[in-house]
Amino acid sequence: MAVTVLYAGGWRVESAVFDRDGTGERTWNHIVDPHGAEYWRTTSGLYKLLHRHGLDIGDLTLSAPDPTPLRLTDLHDGCE
């Protein structure tokens with residue numbers, strides 16, 4: 001089973017095709033929100049959940065956000 005992992009606004013979405021509820025194979029999404037709450041949704045449920053939180057499916061990207069904050073200057077550049 002291939003799994004695709006996507007990210008947006010602190011959300012993590014793992015999508016895979018399998019039979020989770022005995023109704024046949026379809027895409028299921030394991031979703032973790034920025035607070036750590038977990039959800040299982042079909043694609044239509046994913047759209048609704050994201051929209052309720054101000055996001056769109058188009059906001060999802062393949063790369064995780066860099067956990068290191070950007071710094072405008074090097075702390076060891078000799079400037080004060």
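**Close-up views of a predicted model**

Figure 1. T27 is partly exposed, with a relative accessible area of 30%. That label comes from a simple scale: under 20% relative accessible area is buried, over 50% is exposed, and partly exposed lies in between (1.4 Å probe, protein chains only). Before going further: this is a predicted model, in which local features need pLDDT of at least 70 and side-chain atom pairs count only at pLDDT 80 or more, while totals for chains, interfaces and linings use all residues. Residues are numbered from 1 along each chain as its sequence is written, and side-chain values use heavy atoms, with hydrogens and water left out. T27 is in strand β3. Strands, like helices, are DSSP runs numbered from the N terminus: a helix is H or I over at least four residues, a strand is E over at least two. Skipping neighbours within four places in sequence, T27 is in contact with S15, A16, V17, R41, T42 and T43, where contact means heavy atoms within 4.5 Å. S44 sits 17 residues from T27 along the chain, with 9.9 Å between their C-alpha atoms.

**Figure 2. The whole chain, for orientation.** Secondary structure here comes to one helix and four strands, and reading along the sequence gives β-β-β-β-α. The chain has 80 residues, and 24% of them count as buried. If you take the contacts between residues at least 6 apart in sequence, 24% of these join residues at least 24 apart.

**Figure 3. The largest nonpolar core.** What goes into this core? L6, A8, W11, V13, I31, L46, L49, L50, L55 and L60, ten residues in all. A nonpolar core is a set of buried Ala, Val, Leu, Ile, Met, Phe, Trp, Tyr and Cys residues joined through side-chain atoms within 4.5 Å. Two or more residues come from each of β1 (4–8), β2 and α1 (43–52), and α1 gives the most, with three residues. Zoom in on L60 and you find it touching L6, Y7, A8, V13, L46 and L50, not counting residues up to four places away in sequence.

**Figure 4. Two aromatic pairs.** Searching the whole structure turns up two aromatic pairs. Rings of Phe, Tyr and Trp (its six-membered ring) pair if their centres lie within 6.5 Å; planes under 30 degrees apart are stacked, over 60 edge-to-face, and the rest tilted. W11 and Y39 are stacked, at 6.5 Å centre to centre and 20° between the planes. This pair links distant parts of the chain, with W11 in strand β2 (residues 11–18) and Y39 in strand β4, 28 residues apart. W11 is buried, at a relative accessible area of 5%. The F18 and W40 rings have centres 5.9 Å apart and planes at 85°, so that pair is edge-to-face. F18 belongs to strand β2 and W40 to strand β4, so the pair ties together parts 22 residues apart in sequence. W40 is partly exposed, at 34% relative accessibility.

Figure 5. D33 sits in the loop between β3 (26–32) and β4 (38–42). Leaving out residues up to four places away in sequence, D33 touches G10, W11 and Y39. H35 lies in the loop between β3 and β4 too, and is exposed, with a relative accessible area of 76%. H35 and G10 are 25 residues apart in sequence and 8.5 Å apart C-alpha to C-alpha.

**Figure 6. Charged side chains and their partners.** The structure holds two salt bridges; each needs a side-chain nitrogen of Lys or Arg within 4 Å of a carboxyl oxygen of Asp or Glu. E14 and R12 meet in one, at 3.0 Å from N to O. E14 is partly exposed at 24% relative accessibility, and R12 is partly exposed at 31%. R26 and D21 also meet in a salt bridge, at 2.4 Å from N to O. R26 is partly exposed at 35% relative accessibility, and D21 is partly exposed at 36%. Next up is R20, whose charged end sits over the ring of W28, 5.3 Å from the ring centre. Sitting over a ring means that NZ of Lys or CZ of Arg is within 6 Å of the ring centre and within 35 degrees of the ring normal.
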